[in-house]
Amino acid sequence: MAKLTLYHAAPSRSSIVRWMLEELGEPYDIHLLHLAKEEQRAPGYLAVNPMGKVPALRHDDVIVTEAGAICAYLADEFPHARLNVPVGDPRRGPYLKWLFFGPSCIEPAIMDRAYPRKEEPRRGMLSYGDFDTVMNVVAKAVEPGPYLMGEHFTAADVVVGSTIRWGTMFNLIPVRPEFKAYVARLEKRPALQRSIALDQELAAA
Ligand SMILES: N[C@@H](CCC(=O)N[C@@H](CS)C(=O)NCC(=O)O)C(=O)O
């Protein structure tokens with residue numbers, strides 16, 4: 001049994017972590033959950049993630065949930081893969097910013113646009129401000145390329161890149177040349193290609 005187990009549904013937000021694990025190159029096991037069968041609400045799994053959601057990661061006796069936190073954790077625990085920016089490096093500030101910006105700004109901005117509220121909240125009350133600002137900020141950040149941290153591909157690209165890729169795929173974000181080029185660069189990565197192929201096998205089984 002590998003030290004790392006991903007609680008996974010294919011495809012879903014846990015695919016973000018599967019990509020991260022493929023980038024890492026460490027052996028891992030998959031514990032598959034069928035969301036349509038509500039397996040994520042079974043008491044055994046709620047003991048792993050009381051939110052009843054995937055992903056969750058077990059690393060020996062440590063359980064981590066939330067895709068962004070899992071990617072940050074893995075990047076720091078396995079520094080040889082150079083997917084983190086270590087403590088003491090001034091680039092760690094922007095790196096952490098992107099890791100948090102993905103789940104706390106990009107994703108809610110996309111979902112609020114896909115499922116509009118009856119009453120528009122005040123901009124100042126929303127953690128992400130407004131959709132267009134979020135998209136402009138991300139587009140500007142990915143434009144110089146190849147990655148958010150320049151030449152250094154990091155866990156932040158796995159987190160932010162997964163959401164941009166998925167948003168583009170389902171037409172939930174504007175088709176912008178900056179996003180198309182960034183996603184094309186990400187899709188050239190063998191680890192992402194492997195994780196997509198592995199998820200397709202699982203989904204077809
Ligand atoms: N904030 C969580 C969100 C996870 C999430 O929403 N996962 C979905 C799959 S994409 C899920 O487990 N849905 C099943 C359910 O809510 O019953 C994260 O980023 O990890």
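## Aromatic pairs

Trp98 is buried, because its relative accessible area is 7%, under the 20% cut-off. The model in which this is seen is predicted. Phe101 is buried too, as its relative accessibility is 15%. Both residues belong to helix 4 (residues 92–114), where Trp98 and Phe101 are three residues apart, about one turn of the helix.

A pair of aromatic rings is described by the distance of the centres and the angle of the planes. The structure has four aromatic pairs. One of them joins Trp98 and Phe101: the ring centres are 5.2 Å apart and the planes stand at 80 degrees, so this pair is edge-to-face. The angle is over the 60 degrees that edge-to-face requires.

Another edge-to-face pair is formed by Tyr147 and Phe153, with 5.1 Å from centre to centre and 80 degrees between the planes. Tyr147 and Phe153 are both buried. Ring pairs also bring in Trp19, which forms a cluster with Tyr147 and Phe153.

## Ligand site

| Residue | Ligand atom | Distance |
|---|---|---|
| Gln40 | oxygen | 2.8 Å |
| Lys53 | oxygen | 2.7 Å |
| Glu66 | nitrogen | 2.6 Å |

## Cysteines

A disulfide is a covalent bond between the sulfur atoms of two cysteines. How many disulfides does the whole structure contain? The search finds zero. Cys71 takes part in none, and the nearest cysteine sulfur to its own is that of Cys105, 17 Å away. Seen from Cys105, the closest cysteine sulfur is the one in Cys71, and 17 Å is too far for a bond, because a disulfide needs the two sulfur atoms within 2.5 Å. Cys71 is buried, with a relative accessibility of 0%. Cys105 is buried as well, at a relative accessible area of 10%.

## Backbone geometry

Most residues other than glycine have a negative phi, and most peptide bonds are trans. The cases below depart from that pattern.

The peptide bond from Ala10 to Pro11 is cis, and its omega is near -10 degrees. Pro11 sits in the loop between strand 1 (4–8) and helix 1 (14–24). A cis peptide bond also runs from Val54 to Pro55, with omega near 10 degrees.

Glu38 has a positive phi, near 65 degrees, though the residue is not glycine. Its place is the loop between strand 2 (28–32) and helix 2. Is Glu38 buried, exposed or partly exposed? Glu38 counts as partly exposed, because its relative accessibility is 43%.

Asn171 likewise has a positive phi, near 55 degrees. Asn171 lies in the loop between helix 6 (155–169) and helix 7 (177–187). With a relative accessible area of 61%, Asn171 is exposed.

Terms used:
Residues are numbered from 1 along each chain as its sequence is written. This is a predicted model: local features need pLDDT of at least 70, side-chain atom pairs count only at pLDDT 80 or more; totals for chains, interfaces and linings use all residues. Side-chain values use heavy atoms; hydrogens and water are left out. A polar contact is a pair of N or O atoms within 3.5 Å; within protein, one must be able to donate a hydrogen and the other to accept it, and residues adjacent in sequence count only if both atoms are side-chain atoms. Buried means under 20% relative accessible area, exposed over 50%, partly exposed in between (1.4 Å probe, protein chains only). Rings of Phe, Tyr and Trp (its six-membered ring) pair if their centres lie within 6.5 Å; planes under 30 degrees apart count as stacked, over 60 as edge-to-face and the rest as tilted. Helices (H or I, at least four residues) and strands (E, at least two) are DSSP runs, numbered from the N terminus.
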